[in-house]
Amino acid sequence: MSDVGFHLAFWSLSALTIGGALMIIVSRNLIHAVIFLILSFIGVAGLFITLSADFLALVQILVYVGAIAVLMLFAILLTPRAARDNEESLMRYPAMILMGLVIAAGVFVALETDWGPMREGAIGTQAKIIGESLINQYVLPFEIGAVMLTAALVGAIALARQDDEDLPIHTASLIEEGVLPPPDGDAADAPAGPGDDS
Amino acid sequence: MNLPAAEWYDLRDLNGISRLITEWVADWGPDWLASILTGVIGALGVLAIIGPTLLILIWLERKVIARMQARIGPNRVGPVGLLQPVADAVKLILKEELAPRAADKWVFFLPPVLIFVPAILIWGVLPFGPNMSVADLEMGVLFLVAISGVNVLVVFMAGWAQNNKYALFGAMRVIAMSISYEIPVVLSLLALVFFTGTLSVNGIVLWQQANDVVLFLIFPMSALMFLFGSTAELNRTPADISEAESEIVAGYHTEYSGMRFGLFYAVELANTLAISAFFATFFLGGWWLWGLDQWVPSWLILLAKTGLMYFVFIWLRGTLPRLRLDQLMSFCWKFFVPVGLVFLAVAATQRTLLIELGWDPAVALPIYAVINWGIAGAGVAIYARTAASPAQRLPSRPVMARGRLGGLRAARELADAGSGD
């Protein structure tokens with residue numbers, strides 16, 4: 001890896017990431033903040049590429065940019081008045097203290113970690129290695145994650161689902177008006193019902 | 001590949017030229033200059049394909065759809081109307097570009113430019129020949145999926161910034177549809193990845209070449225899922241509810257005028273072209289065609305297949321009426337997702353039988369094809385019998401909306417419910 005290109009990429013991507021992160025805090029409009037957050041995510045994906053972690057970079061874009069950011073945009077859009085302004089809040093000072101502690105912890109971890117293995121460079125076909133370790137070594141966490149995701153999916157459907165009584169139109173009234181075929185399949189005068197046609 | 005010696009004039013390996021240039025630069029220049037030059041050459045090559053092809057494709061699309069609808073189509077500007085796209089482009093450039101006063105200025109200006117980024121980037125992993133892609137990524141399929149997901153965000157920015165409810169409706173529809181149909185597209189590609197055992201786009205083509213078969217024959221349902229799922233992600237006609245003119249003006253680009261609208265339009269066509277090329281690569285063998293690639297330039301074969309797939313997209317657009325939002329959603333979630341999961345298991349099983357038990361591909365692949373076509377047919381039949389809205393052969397009266405929601409009747413029922421209980 002040539003030094004000039006690497007440094008160019010590293011510094012510009014770092015500027016993108018940190019600049020985006022700063023603008024999240026500075027911008028008063030929440031939608032703008034999310035857009036800057038996406039910019040920051042893309043910068044992090046680029047940094048992963050400079051570390052030869054292509055798989056991680058692509059997953060970063062796929063999950064964070066493609067899914068989580070969209071989810072955030074939806075959440076902001078569906079929250080009344082949230083899209084207009086980011087107002088003053090009494091929780092500012094506790095949040096500042098908390099974030100200070102988090103940053104301190106991050107710096108501590110970064111300083112204390114042994115970065116030796118990082119200098120050895122990439123470790124070959126990452127998708128294959130990740131897949132194999134997910135199926136062999138980490139199969140239990142993998143399965144637990146899968147079950148949790150399924151449970152979340154089922155829970156979301158259960159929450160969002162309307163019961164049949166709550167629907168504004170009853171199927172019965174539609175059947176009365178002849179819009180829907182009667183359930184027992186009266187083929188004489190009703191139009192062909194489900195399963196009648198070949 | 002046992003290509004003939006790659007001379008600079010050999011059309012079969014255009015990559016030879018760019019390799020010569022980059023090697024020449026690497027001789028005297030620093031490394032990073034050669035890398036940058038490779039990127040620039042690749043980007044220029046991609047742009048050189050997209051730009052002129054777009055102009056021809058616009059004309060082709062209008063002409064073919066006109067024929068399908070028993071019209072003549074553009075025939076005034078230039079011979080057989082060939083210059084019509086140029087005239088349209090000039091008109092769009094000259095038109096005044098308006099911006100709503102209440103629009104969010106920066107977020108309004110950015111999307112027509114930003115939407116080009118994913119549209120150009122996905123061409124990077126497309127192999128035009130054995131060694132002929134801008135970046136033959138080890139994880140090309142994942143790259144394709146990840147990059148085409150970024151489109152959604154740009155569309156959302158566009159729809160939100162205009163401060164127009166129709167634009168926002170359009171953007172919401174695009175997001176709901178793209179996120180839903182991303183699942184069948186990913187599932188179909190995942191089945192291919194399971195079966196061929198590679199995440200590289202070129203690797204999938206090489207697998208088809210090694211086994212002398214196109215994957216369309218083995219995974220028909222994955223091909224259908226990829227085709228229709230991409231139609232939905234591209235907002236093309238059977239699934240273009242995001243810009244349904246009869247409902248929400250022009251969807252997410254309602255307030256964009258002049259060349260800004262033109263850019264959205266161009267990117268839509270470029271994406272369609274790219275998806276046609278990727279369909280040709282994944283399911284029709286890409287640059288490979290039973291040995292013909294030894295005699296004809298491989299990129300020409302790919303372009304021919306791409307053109308064929310583009311015609312299929314036009315055909316779909318000219319034939320099928322627009323689906324309703326709930327029909328699209330239930331088609332995705334009740335049909336494509338279960339069938340896609342079934343085919344994921346099928347592909348994994350068949351791959352295991354092929355590799356672990358050492359079955360002969362020449363015997364196993366035809367059997368797999370028969371089995372998979374059978375499963376696909378059974379899936380379609382089961383869906384048509386159970387979950388699909390029933391077909392009426394002889395409706396006794398015009399029926400517009402047969403779902404449970406919508407229309408005057410819904411309003412009346414609501415009013416009744418409010419006053420009654």
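The angle between two helices runs from 0 to 180 degrees between their N-to-C directions, with each axis a line fitted to C-alpha atoms over the stretch in contact. In this predicted model, helix H2 (residues 30–50) of chain A and helix H3 (residues 54–78) of chain A pack at an angle of about 175°, and their axes lie 8 Å apart. Because angles over 145 degrees count as roughly antiparallel, H2(A) is roughly antiparallel to H3(A). For the complex, the predictor gives an ipTM of 0.74 and a pTM of 0.79.

**The H2–H3 contact of chain A**

- On the side of H2(A), the contact is made by Leu30(A), Ile31(A), Val34(A), Leu37(A), Ile38(A), Phe41(A), Ile42(A), Val44(A), Ala45(A), Phe48(A) and Ile49(A).
- H3(A) contributes residues including Asp54(A), Leu56(A), Gln60(A), Tyr64(A), Met72(A) and Ile76(A).
- By class, the contact of H2(A) with H3(A) has 20 nonpolar residues, one polar residue and one charged residue.

**Chain A as a whole**

- The secondary structure of chain A consists of seven helices and zero strands, and along the sequence the pattern reads α-α-α-α-α-α-α.
- Chain A has 198 residues, of which 13% count as buried.
- Among its contacts between residues at least 6 apart in sequence, 47% join residues at least 24 apart.
- Helix H4 (residues 92–112) of chain A has 21 residues, which should span 30 Å at 1.5 Å a residue; the end C-alpha atoms of H4(A) are 30 Å apart, in agreement with that expectation.
- The number of buried residues among the 21 of H4(A) is zero, so this helix lies largely in the open.

**Helix packing in chain B**

- H3(B) packs against helix H13 (residues 258–283) of chain B at an angle of about 135°, with the axes 6 Å apart.
- That angle makes H3(B) oblique to H13(B).
- In this contact, Ala89(B), Leu92(B) and Ile93(B) of H3(B) meet Gly258(B), Met259(B), Phe261(B) and Gly262(B) of H13(B).
- The residues of the contact of H3(B) with H13(B) divide into five nonpolar, two polar and no charged.

**Loops of chain B**

- Val80(B) lies in the loop between helix H2 (31–68) and helix H3 (84–94) of chain B.
- Although Val80(B) is not a glycine, its phi is positive, at about 40°.
- Val80(B) counts as partly exposed, with 14 C-beta neighbours inside 10 Å.
- Val77(B) is also placed in the loop between H2 and H3 of chain B, and Val77(B) is partly exposed, with 15 other C-beta atoms within 10 Å.
- Leaving aside neighbours within four places in sequence, Val77(B) is in contact with Leu83(B), Gln84(B) and Ala87(B).
- Val77(B) and Ala87(B) are ten residues apart along the chain, and their C-alpha atoms are separated by 7.6 Å.
- Asp212(B) is found in the loop between helix H9 (201–211) and helix H10 (215–218) of chain B.
- The phi of Asp212(B) is near 55°, a positive value in a residue other than glycine.
- Asp212(B) is partly exposed, with 13 other C-beta atoms within 10 Å.

**Confidence in chain B**

- Chain B has a mean pLDDT of 80, and 86% of its residues reach 70 or more.
- Over residues 1–6 of chain B, pLDDT stays under 50, and the model has eight contacts beyond four places in sequence for this stretch.
- Where pLDDT is low, predicted coordinates should not be read in detail.

Notes: Residues are numbered from 1 along each chain as its sequence is written. Chains are lettered from A and ligands numbered from 1 in the order in which they are written. This is a predicted model: local features need pLDDT of at least 70, side-chain atom pairs count only at pLDDT 80 or more; totals for chains, interfaces and linings use all residues. Helices (H or I, at least four residues) and strands (E, at least two) are DSSP runs, numbered from the N terminus. A residue is buried if 20 or more other C-beta atoms lie within 10 Å of its own, exposed if 12 or fewer, and partly exposed in between; C-beta atoms are placed from the backbone. Two residues are in contact if their C-beta atoms, placed from the backbone, lie within 7 Å. Angles under 35 degrees count as roughly parallel, over 145 as roughly antiparallel, 65 to 115 as roughly perpendicular and the rest as oblique. Ala, Val, Leu, Ile, Met, Phe, Trp, Tyr, Cys and Pro count as nonpolar, Asp, Glu, Lys and Arg as charged, and the others, Gly among them, as polar. The expected span of a helix is 1.5 Å times one less than its number of residues. pLDDT is the predictor's confidence in each residue, from 0 to 100.
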